[in-house]
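Subject: Handover of a structure and the findings on it

Dear colleague,

Please find below the structure that I am handing over to you. My notes on what was found in it follow directly after.

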Amino acid sequence: GVSVAFAVFMTLFAAASAFSPAFAPAARSNSALNVERREVFSTIAAAGVSVAFAPPALADGAKSTATKTRARGVYGGRIANLQKAVAAGDFGAVVAEKNAFVLFNSGAIVSSKQGAAIDATNAIFAAIRSQDKAALKKSYDSYCKQFDINALPDLTNDSQAQGYSNDYDFRVRTDAGKIYVR
């Protein structure tokens, strides 16, 4: 009897307990849901102190020599290419390149001369609004002279020329964009 029944019971109990989850006391986990208020406030305070003493962010490349040169080349070239349209009195061509004037004024011209550039641009577009071809030519020529706007050189027929050296150069897809190959 009793010992055989006890042995069978213990065998069934051991088999059943082998496949059941272990009963362990709940350990304190370090998760986002289970933190103390003191830890949260100390973390927030540390973040606040680090932000308070952080140096201000400065835009170091916004008006560098490289960005001014690029703006002068890209937008100044577009403005210079309007010379034939201005001579012909094609107001629509100049209006279509309005953004070139805006971007040239903000990117290629130093801050102290931007007011004069905006005034000169306004004179060009005032001539367009009044449909005055002579005033357009005069204001356009004055703008180009005052801000030294010249077209990029056309190197397409020069077999010995090199206009750029990498694909990030602003002259790549222009007439000045040519690479000399031996």
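A residue is called buried under 20% relative accessible area, exposed over 50% and partly exposed in between, with a 1.4 Å probe and protein chains only. By that scale Glu97, with a relative accessible area of 22%, is partly exposed.

Two remarks on conventions come first. The model is predicted, so local features need pLDDT of at least 70 and side-chain atom pairs count only at pLDDT 80 or more, while totals for chains, interfaces and linings use all residues. Residues are numbered from 1 along each chain as its sequence is written, and side-chain values use heavy atoms, with hydrogens and water left out.

Overall composition

The protein has eight helices and zero strands, where helices (H or I, at least four residues) and strands (E, at least two) are DSSP runs numbered from the N terminus. Of its 182 residues, 23% are buried. The accessible surface comes to about 13300 Å², and carbon and sulfur atoms hold 59% of that area; the areas come from the Shrake-Rupley method with a 1.4 Å probe, and for residues only the protein chains shown count as cover. Contact is taken as heavy atoms within 4.5 Å. Among contacts between residues at least 6 apart in sequence, 51% join residues at least 24 apart.

The largest nonpolar core

A nonpolar core is a set of buried Ala, Val, Leu, Ile, Met, Phe, Trp, Tyr and Cys residues joined through side-chain atoms within 4.5 Å. The largest one has 24 residues, and Ile79 and Tyr143 touch the most other members. Two or more residues each come from helix 3 (65-80), helix 5 (91-96), helix 6 (98-107), helix 7 (114-129) and helix 8 (133-146). Helix 7 gives the most, with six residues. Leaving out residues up to four places away in sequence, Ile79 touches Ala100, Phe101, Phe104, Tyr140, Tyr143, Cys144 and Ile149.

Helix 7

Helix 7 has 16 residues and reaches 22 Å from its first C-alpha to its last, close to the 22 Å expected at 1.5 Å a residue; the expected span is 1.5 Å times one less than the number of residues. Its buried residues are Ala117, Ala120, Thr121, Ile124, Phe125, Ala127 and Ile128. Seen down the axis of helix 7, these fall within an arc of 150°, so they line one face of the helix; the arc is that of the directions from the helix axis to the C-beta atoms. They pack against helix 5, helix 6 and helix 8. Asp119 and Arg129 are exposed on the other side of helix 7. Just after the helix, Gln131 takes a positive phi of about 55°.

Asn105 in helix 6 is buried, with a relative accessible area of 6%. Apart from neighbours within four places in sequence, Asn105 is in contact with Gln114, Ala117, Ile118, Thr121 and Tyr143.

Helix 8

The 14 residues of helix 8 should span 20 Å at 1.5 Å a residue, and the end C-alpha atoms are 20 Å apart, which agrees. Leu136, Ser139, Tyr140, Tyr143 and Cys144 are buried in helix 8. They cover an arc of only 130° around the axis, which puts them on the same side of helix 8. These buried residues pack against helix 3, helix 4 (83-88), helix 5, helix 6 and helix 7. The face turned away from the buried side of helix 8 carries the exposed residues Ala134, Lys138 and Lys145.

Salt bridges

The structure holds two salt bridges, each defined as a side-chain nitrogen of Lys or Arg within 4 Å of a carboxyl oxygen of Asp or Glu. In one, the side chains of Arg78 and Glu97 meet at 2.7 Å, N to O. This pair links distant parts of the chain, with Arg78 in helix 3 and Glu97 in the loop between helix 5 and helix 6, 19 residues apart. Arg78 is partly exposed at 30% relative accessibility.

Asp141 and Lys137 also meet in a salt bridge, at 3.0 Å, N to O. Being four residues apart in helix 8, Asp141 and Lys137 are separated by about one helical turn. Asp141 is partly exposed at 32% relative accessibility, as is Lys137 at 39%.

The segment after helix 8

Leu152 lies in the segment after helix 8 and is partly exposed at 29% relative accessibility. Its C-alpha atom is separated by 9.0 Å from that of Val74, 78 residues apart along the chain.

With kind regards
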